[in-house]
Amino acid sequence: MADRISVLLIEDNPIHARLIQNLLEESTTSVFDLNSADRLSTGIERLSGGNIDVVLLDLVLPDSQELETLERVRAAAPEMPIVILTSLDDVTLAAKAVEEGAQDFLIKTETNSRTLTRSIHYAIERTRARKEEWDATMFRLAQQQFLKASQLMGLDVNVQERLLFPQRTHIVTFPFRRDEYNQVETVFGYRVQHLLTMGPTKGGIRYHTDVNLGEVSALAMWMTWKCALMNLPFGGAKGGVRIDPTGLSRRELQRLTRRYTSEIIDIIGPDKDIPAPDMGTDEQVMAWLMDTYSQQKGYTVPGVVTGKPVVLGGSLGRREATGRGLVYLVEAAADHTGLDLNGATAVVQGFGNVGSSTAKFLEEDGAKVLAVSDVTTGIYNPNGLSVQALFDYVAENRFLEGYTEGDTVTNEELLEIECDVLAPCALQNQITGENADRINCKILAEGANGPTTLEADEVLNGKGVFVLPDVLGNAGGVTVSYFEWVQDTQNYMWTLKEINERLHAILLDAFERSIKRATSEGYDLRTAALIEGIQRVTQAKLLRGVFP
Ligand code: NAD
């Protein structure tokens, strides 16, 4: 899908303004919403109206000259990416403007649609990279949750400080070739290892435009608690590339994955850090990752990733494990709260790996799936949707958009549909202080990581919603990933029945321990589950001691 970018062009020469407008319209990769101003004062007024992603700025205007123009724009919008538009004889001035904080400059008469689009794209990327690496909503949420749990459990403050930030972070920028051979794209990639105390680190790889250091660190921290809660011998890790994978061809995705793998190759390995799929990545991506790693080592190393195709050493049941595990836990929560899943109603946000299998297993339990959604749309049918028909449609059309056996709803509306089980299985930050009051379900089953804010948690707990928190709810994925790693490193082959029975036993044990702690100590289930994990990690850290 093409990006949609809102551009403010501040340029007084009508011929140059027209030229830039034409170049923006010609772009094949982005859609630009163009605002124009021929004076600085008008431009600054537009900026204060908000909703601008990037400014294209001529420094010589009727009401402002040279670097003062830049200073005034930066004073009005300090975080705004700015690309200077210059003429050939003003290049020195434009270069100075870059030194003063503009992201790039372009010579108006020498530029074409592709260079202009790329310059805008990179200006936005660079600004994000400079300003927002740690400052992600998700990282703040993960830290707040951890601080709340650690205060309540009276965690040793030395351990608390150590665990608040990841142990190792690795940021790379790397190029990959687009299908158009002479076009090379440079992107940011990350691999974060939160805790190396427990064994190798473990965690997925996400391809998404929101990926930054903070987001990946939040996900790595949650992996630490999740693995410890499940008693798995891993610390948490996570990786990602800031890119929209839906805009890539399969060959581009392969080149991106292979190059990203070689950039992080020194810090991954079956004894070091074992990636797996997450949003925007799948079995095929894991196969390329494993192949790239193995090529470098000179022999096949299946244990370097989990979530691979079965034929390459993947585990039976891994593809569906997160959704299957979530539904095992929904069954336990239904038993606990006295809800009969047979005939109950369910709504699932996200129809990727986790969402689609969650919908499938809920339907197998006799629940009526009222609504599902993906990035393109939501589909609602009060009489129930056929999950198989949705699978068939998505297999053919990639997205849910255009599916006709129901009404269209937005992702926001979908969350507010009255149902027994609501399963957010797409993005973080979906249930917030703003909409928590209107959430109308009995069990909130978190397939996604971080879908609920702390403020929303309080509202939901107050309303008596049974919240199955992410660290518990979606832990089926990493649990079967652990089985896959054990099978790869020990050359075992387990049957699907063995996998599912072991998965069920591990999840139920964690569920019962969390419920017991929540009941006996008066915590909500999220806090109780986090404390279960944090306590195990703390014991291990104290036993190992501080080096040297
Ligand atoms: P996926 O890429 O397979 O699917 C993501 C789904 O979310 C897609 O249907 C996509 O269209 C949809 N989506 C994307 N943006 C959206 C938006 N703005 N609004 C609504 N829907 C949107 O990813 P996945 O592996 O299913 O992961 C989903 C969530 O589950 C993530 O939070 C991930 O961290 C978590 N998770 C995944 C696993 C796993 O094993 N894959 C394990 C544990 C947790």
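Predicted model: local features only at pLDDT ≥ 70, side-chain atom pairs only at ≥ 80, totals over all residues.
**Exercise 1. Work out which atoms of V375, A426 and N411 lie at what distance from the ligand, and how much of the ligand's accessible area the protein covers.**

Step 1. Look at the backbone: V375 places a backbone N or O atom 2.9 Å from an oxygen atom of the ligand, while a polar backbone atom of A426 is 3.1 Å from an oxygen atom of the ligand.

Step 2. Turn to the side chain of N411, where a polar atom lies 3.4 Å from a nitrogen atom of the ligand.

Step 3. Consider the cover as a whole: on its own the ligand has 830 Å² of accessible area, and the protein covers 86% of this.

**Exercise 2. Describe how helix 6 and helix 8 pack, and state which residues make the contact.**

Step 1. Two packed helices are described by the angle between their axes and by the distance between those axes.

Step 2. For helix 6 (residues 137-153) and helix 8 (residues 213-229), the angle is about 35 degrees and the axes are 7 Å apart; the crossing of helix 6 and helix 8 is left-handed.

Step 3. On the side of helix 6, the contact is made by M138, F139, L141, A142, Q143, Q145 and F146, and on the side of helix 8 by G214, E215, S217, A218, L219, M221, W222 and W225.

Step 4. By class, this contact of helix 6 with helix 8 holds ten nonpolar, four polar and one charged residues.

**Exercise 3. Locate R398 and P548 in the chain, and describe the backbone geometry found at each.**

Step 1. R398 lies in the loop between helix 13 (387-397) and strand 14 (407-409), and its phi is near 70 degrees, a positive value in a residue other than glycine.

Step 2. P548 is found in the segment after helix 19 (525-544), and the peptide bond that joins F547 and P548 is cis, with omega about 0 degrees.

Notes: Residues numbered from 1 in each chain as written. Heavy atoms only, no water. Axes fitted to C-alpha atoms, helices over the stretch in contact; angles between N-to-C directions. Helix = DSSP H or I, 4+ residues; strand = E, 2+ residues; numbered from the N terminus. Left-handed = near helix turned anticlockwise from the far one by under 90°. Contact = heavy atoms within 4.5 Å. Nonpolar A, V, L, I, M, F, W, Y, C, P; charged D, E, K, R; others polar. Polar contact = N/O pair within 3.5 Å; in protein donor to acceptor, adjacent residues only side chain to side chain. Areas by Shrake-Rupley, 256 points an atom, 1.4 Å probe, with all protein chains shown as cover.
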